[in-house]
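Please consult the sequence and the coordinates while reading.

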Amino acid sequence: MPIPPTMNELLEDLVRRIDEGELPPGSQIPSTSELADHYNLSLSTIHRAVATLRKQGILIGRPGRGVFVAENQSR
């Protein structure tokens, strides 16, 4: 059984997926439960990672619609 990634590894992988176009600007990211299953992590860890990327301007939440990759990222 693989070892779950750390919070930093999760953040790095999500940013890599965005940078490589797997999650292009404007696209909706997978749900927190899908991410938790994919990375074998708790929902609280996924929520913290998404919150971190939202604070950094990489992701944007749209109430009632989900979380999306920001069109204009300040990185």
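Helices (H or I, at least four residues) and strands (E, at least two) are DSSP runs, numbered from the N terminus. The model is predicted, so that local features need pLDDT of at least 70 and side-chain atom pairs count only at pLDDT 80 or more, while totals for chains, interfaces and linings use all residues. Residues are numbered from 1 along each chain as its sequence is written, and side-chain values use heavy atoms, with hydrogens and water left out.

Helix H1 comprises residues 7-19, and Asp13 is found in it. Asp13 counts as buried because its relative accessibility is 19%; buried means under 20% relative accessible area, exposed over 50%, and partly exposed in between (1.4 Å probe, protein chains only). The side chain of Asp13 makes a polar contact with the side chain of Arg16, at 2.7 Å. A polar contact is a pair of N or O atoms within 3.5 Å; within protein, one must be able to donate a hydrogen and the other to accept it, and residues adjacent in sequence count only if both atoms are side-chain atoms.

H1 packs against H3 at an angle of about 55 degrees, and their axes are 10 Å apart. Axes are lines fitted to C-alpha atoms, for helices over the stretch in contact, and angles run from 0 to 180 degrees between N-to-C directions. H1 is therefore oblique to H3, given that angles under 35 degrees count as roughly parallel, over 145 as roughly antiparallel, 65 to 115 as roughly perpendicular and the rest as oblique. In contact terms (heavy atoms within 4.5 Å), Met7, Leu10, Leu11, Leu14 and Val15 of H1 meet Thr45, Ile46, Arg48, Ala49, Thr52 and Leu53 of H3.

On the H2 side, Thr32, Ser33, Leu35 and Ala36 take part, meeting Leu43, Ile46 and His47 in H3.

Where in the model is Lys55 placed? Lys55 lies in helix H3. With 77% relative accessibility, Lys55 counts as exposed. Lys55 and Glu71 are 16 residues apart along the chain, and 15 Å separates their C-alpha atoms.
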